[in-house]
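Colleague: Before I use this model, I would like to go through the terms attached to it and hear what each of them rests on.

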Amino acid sequence: MIKKKQLQKKIARERIEILFNEAQKASRKNINLSRRYVELARKISTKYKVRIKKEYKKLFCKGCSSYFVSGKTLRSRIKNKRLIQYCYKCGRVTRYPLSAQTKKKSGI
Ligand SMILES: [Zn+2]
């Protein structure tokens, strides 16, 4: 039998996924709407203590919850094997090491 909390977390994870899908769809037309979806997803994540997937984390700004659209809300660069994301809205800079990808390429 599934415990209530586990079920809640499962639902929360699914909802986060749906919200990011919607944010992606809305990003073409309405950036503000996308941000609303990201905000909701983040709220669910804190409320139910579920983590937002790694691949989703790179899609929005941790400062202002803006959904990243290259050229619109985001400027991304690769420098010294790091991915640098610059948010146009709040100016937050996030750096990600590219080690995971380098490892794949070199076959480790
Ligand atoms: Zn921002």
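Modeller: Let us start with burial: a residue is buried if 20 or more other C-beta atoms lie within 10 Å of its own, with C-beta atoms placed from the backbone. By that criterion, 20% of the 108 residues of the protein chain count as buried. Please keep in mind that this is a predicted model.

Colleague: What makes up the protein chain in terms of helices and strands, and in which order do the elements run?

Modeller: The protein chain has four helices and three strands, and from the N terminus on the order is α-α-α-β-β-β-α. Along its principal axes, the C-alpha trace spans about 50 × 40 × 20 Å.

Colleague: How do you know that β1 and β2 pair?

Modeller: Pairing requires that DSSP find at least two bridges between the strands, and strand β1 (residues 74-79) and strand β2 (residues 82-87) share six bridges in the antiparallel sense, so the two strands pair under that definition. Within this pair, Arg75 stands opposite Tyr86 in β2. The two strands form a hairpin with two residues between them, and Asn80 in the turn has a positive phi of about 50°.

Colleague: What makes β2 and β3 a pair, and which residues of β3 stand opposite Tyr86 and Leu83?

Modeller: The same cut-off of at least two bridges applies, and β2 and strand β3 (residues 93-97) have five bridges, again in the antiparallel sense, so these strands pair as well. Tyr86 stands opposite Val93 in β3, while the bridge partner of Leu83 in that strand is Tyr96. This hairpin has five residues between its strands, and Gly91 in the turn has a positive phi of about 80°.

Colleague: Why is one side of β1 and of β3 left without a neighbour in the sheet?

Modeller: The three strands form an open sheet in the order β1-β2-β3, with antiparallel pairing. β1 and β3 stand at the edges and each has a single partner strand, which means that one side of each lacks a neighbour in the sheet. The twist averages 20° from one strand to the next.

Colleague: How many of the contacts between residues at least 6 apart in sequence join residues at least 24 apart?

Modeller: For the protein chain the share is 41%, where a contact requires C-beta atoms, placed from the backbone, within 7 Å of each other.

How values were computed
Residues are numbered from 1 along each chain as its sequence is written. This is a predicted model: local features need pLDDT of at least 70, side-chain atom pairs count only at pLDDT 80 or more; totals for chains, interfaces and linings use all residues. A residue is buried if 20 or more other C-beta atoms lie within 10 Å of its own, exposed if 12 or fewer, and partly exposed in between; C-beta atoms are placed from the backbone. Two residues are in contact if their C-beta atoms, placed from the backbone, lie within 7 Å. Axes are lines fitted to C-alpha atoms, for helices over the stretch in contact, and angles run from 0 to 180 degrees between N-to-C directions.
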